[in-house]
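The sequence and the structure come before the description.

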Amino acid sequence: MKKLICLILSAALIIALSVAGAGAAEETNVAFEKEVIGEIEGEGTLELTLGFWALEYLTDGMVPAFPSDDQDRLGWYCAAPGRDVDITVTIDLDGEFDCSRIYLFPQKFLDGANFPSSYTVEVSEDLENWTVVGQESGLDGVRSEPQTYGFESTKISFVKVHVTQLSTTRDASNYFAGLGEIEVYGVEHVDQQPGTDPNPGTDPNPGTDPNPGTDPNPGTDPNPGTDPNPGTDPNPGTDPDPVVEPQPTTGDNSVLFAAVAVLAIAASFVFLRKRETR
Ligand SMILES: [Ca+2]
């Protein structure tokens with residue numbers, strides 16, 4: 001018997017865990033193949049091309065090696081005569097998503113030595129109000145792994161990387177910075193179901209009837225009647241054993257009596273069934 005109970009409890013636990021797991025949507029890279037908008041304030045080149053780079057390569061799902069057959073999609077690359085810049089790349093997620101992680105991948109070109117030195121990573125629902133979810137200042141050197149930024153799941157539609165300082169990589173005219181890919185992980189946002197009102201409230205002024213009314217003519221019996229022959233007991237006698245006047249029953253006693261009667265009937269029914277089964 002104990003084995004059977006354990007088996008049933010184990011099966012219930014497995015089913016419960018399976019249902020819970022099935023309900024959780026898996027996070028995916030919701031930035032994949034989404035539009036990237038770039039802006040630059042001041043001197044510089046927002047989007048170097050030269051057959052290797054473009055803004056759209058930030059969300060193409062590739063971080064190709066250099067050299068390789070895919071080296072014509074290395075990522076995004078920008079340049080300016082000074083390291084301090086005001087450059088943004090913004091991904092339009094084309095929808096509302098609950099997101100919690102962002103990855104900035106270095107390019108394989110120059111082994112990632114062109115990773116921007118100072119920047120913020122920001123998220124927004126409306127392109128106006130931004131929340132900073134990641135920030136770096138003064139990064140230098142080769143980067144081979146993506147920079148990861150985790151944050152509390154937030155409903156967003158846009159992700160922005162605001163570069164304020166380029167890398168130390170330079171030529172005779174410019175400093176440079178670039179990224180191989182930006183990934184944003186989340187699930188599509190679903191509005192809460194209307195469900196039940198968590199605060200149904202109470203009526204602050206339930207009101208009273210200002211004129212409850214009275215019956216202006218309650219009526220009287222015009223002919224209450226009299227017994228024409230009330231009769232008399234020819235032999236009133238005496239009661240040798242006067243019965244105690246029973247107390248009037250109350251409503252509670254009626255319920256108790258009814259309950260006892262029902263129990264008695266039920267017990268009789270069970271008893272009869274047992275006898276039949278024998
Ligand atoms: Ca890419």
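## Burial and overall make-up

A residue is called buried here if 20 or more other C-beta atoms lie within 10 Å of its own, exposed if 12 or fewer, and partly exposed in between. By that criterion, 22% of the 278 residues of the protein are buried. The model is a predicted one.

Two helices and nine strands make up the secondary structure. Read from the N terminus, the order of elements is α-β-β-β-β-β-β-β-β-β-α. Among contacts in the protein with a separation of 6 or more, 76% are between residues 24 or more positions apart.

## Confidence

The average pLDDT of the protein is 79, and 62% of the residues score at least 70. Residues 230-234 have a pLDDT below 50, and this stretch has zero contacts in the model beyond near neighbours in sequence. For residues 236-257 the pLDDT is also below 50; here the model has one contact beyond near neighbours in sequence.

## The largest nonpolar core

The largest nonpolar core holds 41 residues. Those that touch the most other members are Leu-58, Trp-76, Ile-91, Leu-93, Val-159, Ile-182 and Val-184. Two or more residues of this core come from each of β3 (76-80), β4 (84-105), β5 (118-124), β7 (147-165), β8 (175-179) and β9 (181-188). The element that gives the most is β4, with ten residues.

Leu-93 has contacts with Val-30, Ala-31, Lys-34, Ile-156, Ser-157, Phe-158, Val-159 and Val-184, when residues up to four places away in sequence are not counted. Two of these partners, Val-159 and Val-184, are themselves listed with Leu-93 among the core residues that touch the most other members.

## Strand β4 and its pairings

Seven bridges join β4 to β2 (residues 35-41), and the two strands run antiparallel. Within this pair, Glu-35 has Asp-92 of β4 as its bridge partner. The pairing of β4 with β7 is antiparallel and has 14 bridges; Cys-99 is bridged there to Thr-154 of β7. Eight bridges join β4 to β9, again in the antiparallel sense, and the bridge partner of Ile-102 in β9 is Val-184.

## Two residues of β4

Phe-97 is found in strand β4. Phe-97 counts as buried because 24 other C-beta atoms lie within 10 Å. Apart from neighbours within four places in sequence, Phe-97 is in contact with Val-30, Ile-156, Gly-186, Val-187, Glu-188 and His-189. Phe-97 and Val-184 are 87 residues apart along the chain, and their C-alpha atoms are separated by 9.8 Å.

Asp-86 also lies in strand β4. With 13 other C-beta atoms within 10 Å, Asp-86 is partly exposed. Its contacts, leaving aside neighbours within four places in sequence, are Ile-40, Glu-41, Gly-42 and Thr-164. The C-alpha atoms of Asp-86 and Glu-41 are 5.4 Å apart, although 45 residues separate the two in sequence.

Five of the five residues of β3 are buried, so the strand is largely enclosed by the rest of the structure. In a regular strand the side chains alternate between the two faces of the sheet. In β3, Trp-76, Cys-78 and Ala-80 point one way and Tyr-77 and Ala-79 the other way, and all are buried. β3 pairs with β8 in the antiparallel sense over five bridges, and Ala-80 has Tyr-175 of β8 as its bridge partner.

Glu-56 belongs to the loop between β2 and β3. Glu-56 is partly exposed, with 14 other C-beta atoms within 10 Å. Between Glu-56 and Trp-76 the C-alpha distance is 7.7 Å, with the two residues 20 apart in sequence.

Terms used
Residues numbered from 1 in each chain as written. Predicted model: local features only at pLDDT ≥ 70, side-chain atom pairs only at ≥ 80, totals over all residues. Core = buried A, V, L, I, M, F, W, Y, C linked by C-beta atoms within 7 Å. Helix = DSSP H or I, 4+ residues; strand = E, 2+ residues; numbered from the N terminus. Contact = placed C-beta atoms within 7 Å. pLDDT = per-residue confidence, 0-100. Pairing = 2+ DSSP bridges.
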